[in-house]
Amino acid sequence: MSDHCAIELRRVTSEDVTERSGGRMNAMTGGDAGFAGTLGRARLVAQGLVGPGWETPTDAVTAFGAMQGQDLPGVLASAALRSTGAIADVIADLDAGRLVRGYPMRGTVFLMPAADAAWITELCAPPTIRAASNRRKELDADVKAAARDATAAALASGPLSRADLFAAWSSAGVPTDEGAGYHLLFHLIAGGFVCYGPWNGTDQDIVLAEGWLPADSSLADRFGGDATAATAELLRRYLTTHGPATLRDFAWWTKLPLSRIRAAFALIEAEFESGPDGAAEPLLWRPGLRAEVEAAGRATAGVLLLPGFDEWVLGYSDRLFAMTADEHARLVPGNNGVFKRAVVKGGAVHGTWTRTGRPGARRLVLDEFRPLGVRARAAADRRFAEFPFAGA
């Protein structure tokens with residue numbers, strides 16, 4: 001790494017947040033060129049939010065491996081923002097079977113390339129499947145088998161909405177009330193039997209994985225059943241798109257054991273740069289990222305409007321690289337897992353945003369954590385006008 005590079009990549013912690021400027025980092029207000037803002041800017045470039053991005057939505061999602069997707073319109077926007085900018089292109093990839101959603105890890109819905117959905121799910125999902133089974137012991141093997149059979153029969157003629165699938169279950173005597181339908185569907189998706197596939201205008205229909213996902217895409221087919229090799233591939237994608245990041249960030253993201261992650265990293269360590277020297281948990285990033293950030297220049301200081309569950313915010317174990325603890329509480333009120341949409345400027349979260357008004361007369365509403373200024377507000381309006389919304 002060249003000494004003349006102006007970017008210093010270091011680890012940011014909650015202690016850094018509270019120790020600087022009475023709980024606010026100067027780097028986030030533009031009064032300091034410190035690493036906190038720089039780390040955020042580097043991650044904007046690594047994630048394709050600033051710079052060239054990827055040619056297609058499927059290319060973008062493939063680079064990531066998976067994008068958190070419980071907010072369906074939000075994750076479709078996340079894929080569009082990193083590629084063509086057009087929501088229609090993301091929907092086209094869903095309809096063509098190039099992109100799907102499933103439950104690969106953490107019991108959370110993720111958008112994934114169809115070509116990788118099976119092996120990533122097989123690699124990461126087993127612990128969450130066991131945990132879900134323990135929470136709903138009344139949904140025993142017989143109930144799950146009945147749901148599987150009813151699903152196979154219902155989807156034999158093609159995709160169905162979740163409501164229509166649940167109706168078919170009810171007709172077959174499979175329970176759907178009191179959350180049973182959700183839990184059974186989770187087991188079928190995390191178990192690799194079905195997935196969320198084509199767009200139906202408001203949501204994704206459910207499809208049988210066999211016939212929709214590419215053949216020969218299982219863990220056994222792709223990696224000969226070698227979990228360490230598969231972990232190395234997913235880690236490679238994570239560090240390439242999320243770095244600067246740590247192995248513990250990836251462990252948090254996937255919930256894979258650190259012992260396996262460290263063994264996997266040994267297979268790909270030569271592919272990444274790291275620092276600072278002597279750190280307990282070095283940051284890791286793809287070669288050339290520093291030059292990419294420098295080439296992006298002032299673009300990394302610009303205003304971005306992100307969806308509520310975007311990987312730039314949720315892809316790390318510590319989100320305080322981008323905001324103070326108090327600001328995080330405003331982004332996630334009550335720490336209840338529901339994220340507001342973030343306004344990003346200069347690699348830091350500067351507020352949240354919503355849209356109001358009727359279709360055809362929508363307008364942007366900002367909740368600023370600190371004053372954005374006239375030019376930044378005008379830039380936010382431009383971003384709003386071009387934002388890839390799914391729906392009117």
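Select Leu 247, Asp 249, Phe 250, Ala 251, Trp 253 and Thr 254: these are the buried residues of helix α15. Buried means under 20% relative accessible area, exposed over 50%, and partly exposed in between, with a 1.4 Å probe and protein chains only. Helices (H or I, at least four residues) and strands (E, at least two) are DSSP runs, numbered from the N terminus.

This is a predicted model: local features need pLDDT of at least 70, side-chain atom pairs count only at pLDDT 80 or more, and totals for chains, interfaces and linings use all residues. Residues are numbered from 1 along each chain as its sequence is written, and side-chain values use heavy atoms, leaving out hydrogens and water.

Now show all of α15, residues 247-254. Why is it largely enclosed by the rest of the structure? Because six of its eight residues are buried.

Next, select the open sheet of four strands. Its order is β8-β9-β10-β11, with antiparallel pairing. Two strands pair if DSSP finds at least two bridges between them. Which strands are at the edges? They are β8 (303-305) and β11 (363-368), and each pairs on one side only.

Zoom in on β8 and β9 (residues 341-345): three bridges join them in the antiparallel sense. Pick Val 303; its bridge partner in β9 is Lys 345.
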